[in-house]
Amino acid sequence: MKIETIAIHAGTIITDSNRPAIQPITTSTTFEHHEGSLIYTRANNPNRMALEQVLSRLENGEDAAAFSSGNAAAMAVYQALPAGSHIIAPDDMYHGIKKQLVEIFKGIHETSFVDMSDLQAVSDAIRENTKLIWIETPSNPLLKVTDIRAVVRIAKNAGLLVACDNTFATPIFQNPLDLGADLVMHSTTKFLGGHSDVLGGALVTKKKSEFWEKIKMVQHVGGAVPSPFDCYFLTRSIKTLPYRMKAHQQNAMALATFLENHPKVEKVFYPGLPSHDGYEVAASQMSGFSGVLSFTVVGGAEKADHLISKLKFFTNATSLGGVESLIERRAAVEGPDSQTPSNLVRVSVGLENIQDLLEDLEKGLA
């Protein structure tokens, strides 16, 4: 099956004798004991099985594990590592997951944050107790691009696992497992959910392994799993994912091009622009450049805030990947320890008419 067909058909497991075309929601928390039966919905549920099935198919993996949030998914990886592990992570990464490494796992694991576009820096960061290289590409919020194949080669030579946060690219535009990664992580809250109304996360593995079984144990025993309703709505949203992503990218490219040529914009960060430092690498491993971009505003944070306050069709809000356009000054959200430029604005480009979005930005910048 091609990816559009997988998105529509791989997330259906019919358990109803009436054979409905759309899988119903199974709300029961417990199941009657019989051979091969489900036992308890924390351990498994028909709707979660369907969601995990379509996610693993989309990412060309052998298995998937759905969680209650993207943070819970990432945490399951770190919880499955042996105590005292050293992790190599990007210097530009989603601040919520970085905060886990810095605060929650302080004293349990060690983490080195490096510029993943500098392959020598990645190689130099490896220690005797290094167990995992965590990739996020494109990164949040600077849209840095990591050469997945190259980092995988470095990792495999040292016997390390590679996990890739694929939230920005989605499986429509990038498949890290096909490029050699062992695990893929998603905040399914974002593009996979696509409507800013479901919280979730997921991990997909290339191969079932002893480490994967530890992750599944964390999912089962830790219990940070999505509800049947969340699984149902995520599976439903994934059916339109391929077509939504094409439109997100089309609008994002138009906005990035417009902003790059605007005198009140210092710099645009979007891997689809030939001027982007990671453009060639992105073009070699992505089939599209997705729907998130960021840019720095001339005049500093005050001018960035002023721009945001004048917009009509861009909601000043956290998160990304919904059908509506969202915008925020990222440093203001990340807090006092943020390394993000204070005048950087991140945009999740929605599916509104592109002319409306361009005119809105033009007026705001004016």
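Biologist: In which sense do β10 and strand β11 pair, parallel or antiparallel?

Modeller: Please note that this is a predicted model. Strands of a sheet pair through backbone hydrogen bonds, either parallel or antiparallel. β11 covers residues 325-329 and joins β10 over three bridges. F314 stands opposite S325 of β11, and the sense of the pairing is parallel.

Biologist: Which strands are at the edges of the open sheet of five strands?

Modeller: The order in this sheet is β8-β9-β12-β11-β10, and the pairing is mixed. An edge strand here pairs on one side only, which applies to β8 (265-269) and β10 (314-316). From one strand to the next, the twist averages 25 degrees. The edge strands are therefore β8 and β10.

Biologist: Which helix lies across β9, β10, β11 and β12?

Modeller: Helix α10 (residues 241-260) lies across β8, β9 (292-297) and β10, and runs at about 15 degrees to β9. The helix that lies across β9, β10, β11 and β12 (344-348) comprises residues 301-310 and runs at about 155 degrees to β11. That helix is α12.

Biologist: Why is one side of β1 and of β3 left without a neighbour in the sheet?

Modeller: Seven strands form this open sheet, in the order β1-β7-β6-β5-β4-β2-β3 and with mixed pairing. β1 and β3 (110-114) stand at its edges, so one side of each has no neighbour in the sheet. Ignoring direction, neighbouring strands are turned by 20 degrees against each other on average. The reason is that β1 and β3 each have a single partner strand.

Biologist: Which residue in β7 stands opposite M185?

Modeller: Strand β6 (residues 183-186) pairs with strand β7 (residues 201-205) in the antiparallel sense, over four bridges. Opposite M185, the residue in β7 is L203.

Biologist: What angle does the direction of α6 make with that of β4?

Modeller: Helix α3 (residues 70-80) packs on the sheet and touches β1, β2 (86-90), β4, β6 and β7, its direction making about 40 degrees with that of β7. α6 also packs on the sheet, where it touches β4 and β5 (161-165). Between the directions of α6 and β4, the angle is about 180 degrees.

Biologist: Is R19 buried or exposed?

Modeller: R19 is found in the loop between α1 (3-9) and α2 (46-58), and its phi is positive, near 55 degrees, although R19 is not a glycine. The cut-off for an exposed residue is over 50% relative accessible area. Because its relative accessibility is 60%, R19 counts as exposed.

Biologist: How does N60 count by its relative accessibility?

Modeller: N60 lies in the loop between α2 and β1 (63-67), with a positive phi of about 60 degrees although N60 is not a glycine. Buried means under 20% and exposed over 50%. At 36% relative accessibility, N60 therefore counts as partly exposed.

Biologist: With which side chain does the side chain of Q120 make a polar contact?

Modeller: Q120 is found in helix α5 (residues 119-124). The C-alpha atoms of Q120 and V151 are separated by 9.9 Å, the two residues being 31 residues apart along the chain. The polar contact of the Q120 side chain, at 2.8 Å, is with the side chain of D124.

How values were computed. Residues numbered from 1 in each chain as written. Predicted model: local features only at pLDDT ≥ 70, side-chain atom pairs only at ≥ 80, totals over all residues. Heavy atoms only, no water. Pairing = 2+ DSSP bridges. Helix = DSSP H or I, 4+ residues; strand = E, 2+ residues; numbered from the N terminus. Axes fitted to C-alpha atoms, helices over the stretch in contact; angles between N-to-C directions. Contact = heavy atoms within 4.5 Å. Buried < 20%, exposed > 50% of the residue type's maximum accessible area, 1.4 Å probe, protein only. Polar contact = N/O pair within 3.5 Å; in protein donor to acceptor, adjacent residues only side chain to side chain.
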